[in-house]
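Here are my notes for you on this one.

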Amino acid sequence: MPPFNALLNKDLNYHFIALGGVGQSALAKILIQRGYSVSGSDICDSKYLKELKELGAKVFIGHNEDNLPSNSIVVISSAIKEDNPELKKARALKLDILHRSDMLNILSRDFPLFIGFAGTHGKTTTSGFASYLLSKAGSEPGFAVGGIIPEINTNANASKKSNLFIAELDESDGTIVKYAPNILVINNLEADHLDFYKNGLPDVLNTFKKLVSGLPKDAKVIVNIDDTGVNKFLETIQGFDIIKFSAKNILEQGYCAKDIKYNSSGAVFEILRNNKTLGEISISLKGIHNIYNTLAVVAALLEAGVEFENIQKYFAGFSGMGRRFQTVYKTKDIEIVDDYAHHPSEIKTTLKAAADYKIKSGRNKLVAIFQPHRYTRLRGLWDDFLVAFDDCDTLIVLDVFSAGDSFDAEFNSEKFVDTLKGKYPQKEIYYIPGKIEEISAAVAKYADKNSLVLTLGAGDITKLGKLIGEAL
């Protein structure tokens with residue numbers, strides 16, 4: 001790959017294959033805001049493509065070699081196959097081809113201070129939360145996050161009024177090792193993305209060890225000391241400024257949450273730094289996992305030099321990222337919430353938060369609708385999935401969203417439900433096969449009066465909540 005400074009050139013065009021993806025579109029938006037020429041293609045139109053078109057990008061629907069200008073640097077994601085006609089033409093023309101992670105790496109190095117949010121869960125929420133707080137406080141950071149921040153209606157910003165750049169760092173394909181943030185936040189570490197991490201958690205830990213080995217020597221590594229995987233990781237590294245946070249214990253050195261009080265909106269608690277109270281904050285996010293997300297954000301921003309008083313009043317205004325406990329339909333008789341949780345620990349934590357919310361909101365039944373994401377994940381974490389649904393009253397399991405995986409005759413939704421029924425004979429558990437657009441009426445009949453319905457998964461189940469609402 002050419003030197004970084006040679007890859008930002010206003011005489012060239014930046015062509016994104018799969019421009020409509022949330023990660024790709026964020027990078028394209030930053031380039032456009034910086035005055036670079038951008039084009040790209042995707043298989044169908046989307047809100048991200050429409051926004052980029054309005055900003056000046058040349059957008060193509062469908063992949064075709066004629067879409068690719070000959071003076072382009074091409075940006076791809078791990079999902080792009082070698083038979084893509086635009087990628088084939090780029091190789092034939094010997095154009096520079098960058099992975100999405102390369103482009104993010106290049107843009108991040110254009111800022112004096114780079115905060116990277118990493119870990120198995122919570123990256124989008126924490127990076128979005130931090131970007132929101134600084135934006136509301138008027139410092140206008142640069143950022144690229146994996147979802148639209150509702151209150152400021154964007155997933156990216158190129159501003160250099162601040163010296164800070166914020167991004168979520170994706171570990172799913174191993175490309176996370178390319179980054180070199182000045183402040184690295186690791187919220188949690190678990191086995192996931194088992195199509196890539198064949199040996200589970202040990203492979204994940206090795207990747208993070210490689211990431212840390214490439215950090216600047218004065219980098220700060222902020223970690224959730226309550227997480228088992230993080231503690232295993234800490235045993236393998238040394239020589240860095242390790243800053244800890246906890247929601248369980250008061251730390252003499254580090255950040256803590258004290259006197260946590262949950263309510264129907266979220267929670268109120270005190271923030272401590274080095275066992276000294278900074279002040280009380282209120283958040284509009286549910287569940288213990290969002291206490292950890294908040295602590296991660298507070299620690300990162302304060303270690304970056306942000307004054308707590310400048311952001312304290314803005315915490316309650318953050319409603320969370322899309323698909324994170326997001327109400328999509330609500331009447332006095334029923335509420336339907338959509339959540340991206342697709343890993344067993346995410347599901348368990350989200351259901352615990354939903355069960356608490358069910359009580360506080362006066363609902364009498366929690367119906368969970370789960371769409372497994374990838375056969376490799378269902379197989380690799382089978383035993384963990386089997387104990388993830390204790391807190392729901394009724395469980396409906398949909399067909400696996402394959403995301404490119406081949407069908408698994410041994411580990412699939414039907415076999416999963418059969419196993420669960422044997423494990424929990426008293427629990428209402430159902431398997432409903434079919435495409436999302438075809439099953440809403442069948443699912444809706446289980447949404448009893450005064451129910452809280454929770455749709456869970458990283459696939460197209462996000463469409464289901466509104467369809468159930470229409471069916472009702």
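1. Start with a definition you'll need for the sheet: two strands count as paired if DSSP finds at least two bridges between them. Keep in mind, too, that this is a predicted model.

2. Now find the open sheet of six strands. Its order is β16-β17-β21-β18-β19-β20, and the pairing is mixed. The edge strands, β16 (326-330) and β20 (428-431), each pair on one side only. From one strand to the next, the twist averages 20°. In general, strands of a sheet pair through backbone hydrogen bonds, either parallel or antiparallel.

3. Helix α10 (residues 344-360) lies across β16, β17 (334-339), β18 (365-370) and β21 (451-456), and runs at about 165° to β21. Helix α13 (residues 413-423) lies across β18, β19 and β20, at about 160° to β20.

4. Over to helix α2 (residues 47-55), where Y48, L49 and L52 are buried. Why do we say that they line one face? Seen down the axis of α2, its buried residues fall within an arc of 95°, so they share one face of the helix. The background is simple: an α-helix has 3.6 residues a turn, so residues three or four places apart point the same way. On the other side of α2, K47 and E54 are exposed.

5. What covers those buried residues of α2? The cover includes helix α1 (22-33) and the strands β2 (37-42), β3 (58-61), β7 (142-149) and β8 (154-157).

6. Helix α4 (residues 100-108) is another story. Nine of its nine residues are buried, so the helix is largely enclosed by the rest of the structure. Among them are R100, D102, M103 and L107.

7. Finally, zoom out. The protein chain has 15 helices and 21 strands. Its radius of gyration is 22 Å, close to the 23 Å that the globule rule gives for 472 residues, so the chain is as compact as a globular protein of that length. The C-alpha trace spans about 65 × 55 × 40 Å along its principal axes, and 56% of the 472 residues count as buried.

Methods:
Residues numbered from 1 in each chain as written. Predicted model: local features only at pLDDT ≥ 70, side-chain atom pairs only at ≥ 80, totals over all residues. Heavy atoms only, no water. Buried < 20%, exposed > 50% of the residue type's maximum accessible area, 1.4 Å probe, protein only. Helix = DSSP H or I, 4+ residues; strand = E, 2+ residues; numbered from the N terminus. Arc of directions from axis to C-beta. Contact = heavy atoms within 4.5 Å. Axes fitted to C-alpha atoms, helices over the stretch in contact; angles between N-to-C directions. Rg over C-alpha atoms; globule rule 2.2 N^0.38 Å.
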